[in-house]
Amino acid sequence: MYITEIVRNMNHSNIKLICLLMLVLMPVAASLAKEIRVSPKGNDNNPGSKELPLATIQMAQRQARELRRLHDPSISGGIRIILEDGVYQLEEPLLFRPEDSGTADSPTSVVAAEGAKPVISGGVQVINWQKAAKTPSGLPKEAARKIWVADIPLVGGRLAEFRQLWVNGEKAQRASSLSDGKLNRILKVDKQNQVMWIPKPAVHIKEIKQLELVIHQWWAIA
């Protein structure tokens, strides 16, 4: 009731002044959050300041968790992990645990630096592309001189298993037997033994173990 009476007795000028003060103080409150800076050009041995940023988001997470574990007073206004411009290459999934959220009074946020457009990518670059010396049998003539090959990169000592290929920022279309809007039909299915018969592909494949088929089956994709 007391607060209500005060508001009733206030004139419009006072109300406008309070609103203006709130707008001024909001950025100040946001700036009270502990900042951890990250840059692809940084180093994970750095303290994570603007002048000496970290290199990976994972290290910024570890630093934030440690600050919370120690109940460091610098995080009373929250933690802001700020990503500078550039590509952040991931070698493993980026994992956020429940405690990474912080609290209502001291939240953790991951944001881009002002004017920056950071990219978090799990992609692997495929290099040294060359035109194929031989054309695989079964391809149409118009495709004969358009075959390019490259060695699959190693990731963790294994050949990278990928299902997407991006060329100059555009997602490439996978090989398909779709012709004139029609797909080949499944010939036979043995549900008990989980065996399926499909029409033989026209392209000759030497390494059958490297073959992967995507089959549209009863409104599902197998």
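A salt bridge here is a side-chain nitrogen of Lys or Arg within 4 Å of a carboxyl oxygen of Asp or Glu. The views below come from a predicted model, in which local features need pLDDT of at least 70 and side-chain atom pairs count only at pLDDT 80 or more, while totals for chains, interfaces and linings use all residues. Residues are numbered from 1 along each chain as its sequence is written, and side-chain values use heavy atoms, with hydrogens and water left out.

View 1. The protein chain has three helices and 15 strands (DSSP runs numbered from the N terminus: helices are H or I with at least four residues, strands are E with at least two). Of its 222 residues, 15% count as buried; buried means under 20% relative accessible area, exposed over 50%, and partly exposed in between, with a 1.4 Å probe and protein chains only. A search of the whole structure turns up seven salt bridges.

**View 2. R80 and E35 pair up between two strands.** Their side chains form a salt bridge at 3.6 Å, N to O. R80 sits in strand β2 (residues 79–83) and E35 in strand β1 (residues 34–38), 45 residues apart. R80 is partly exposed at 27% relative accessible area, and E35 is partly exposed at 33%.

**View 3. R37 reaches E84.** This salt bridge spans 2.8 Å, N to O. Because R37 lies in strand β1 and E84 in the loop between β2 and β3 (87–89), the pair ties together parts 47 residues apart in sequence. R37 is buried, at 13% relative accessible area, whereas E84 is partly exposed at 22%.

View 4. D100 and R65 form a salt bridge at 2.8 Å, N to O. D100 lies in the loop between β3 and β4 (108–112) and R65 in helix α3, so the pair links parts 35 residues apart in sequence. D100 is buried, with a relative accessible area of 10%. Salt bridges that share partners also join E35, R37, R80 and E84 into one network. Now look at R68, in helix α3 (residues 57–69): R68 is buried yet has no salt bridge, and the nearest side chain of opposite charge, D100, is 7.0 Å away (Lys and Arg count as positive, Asp and Glu as negative; His and the chain ends are not counted). Leaving aside neighbours within four places in sequence, the contacts of R68 (heavy atoms within 4.5 Å) include I75, I79 and E99.
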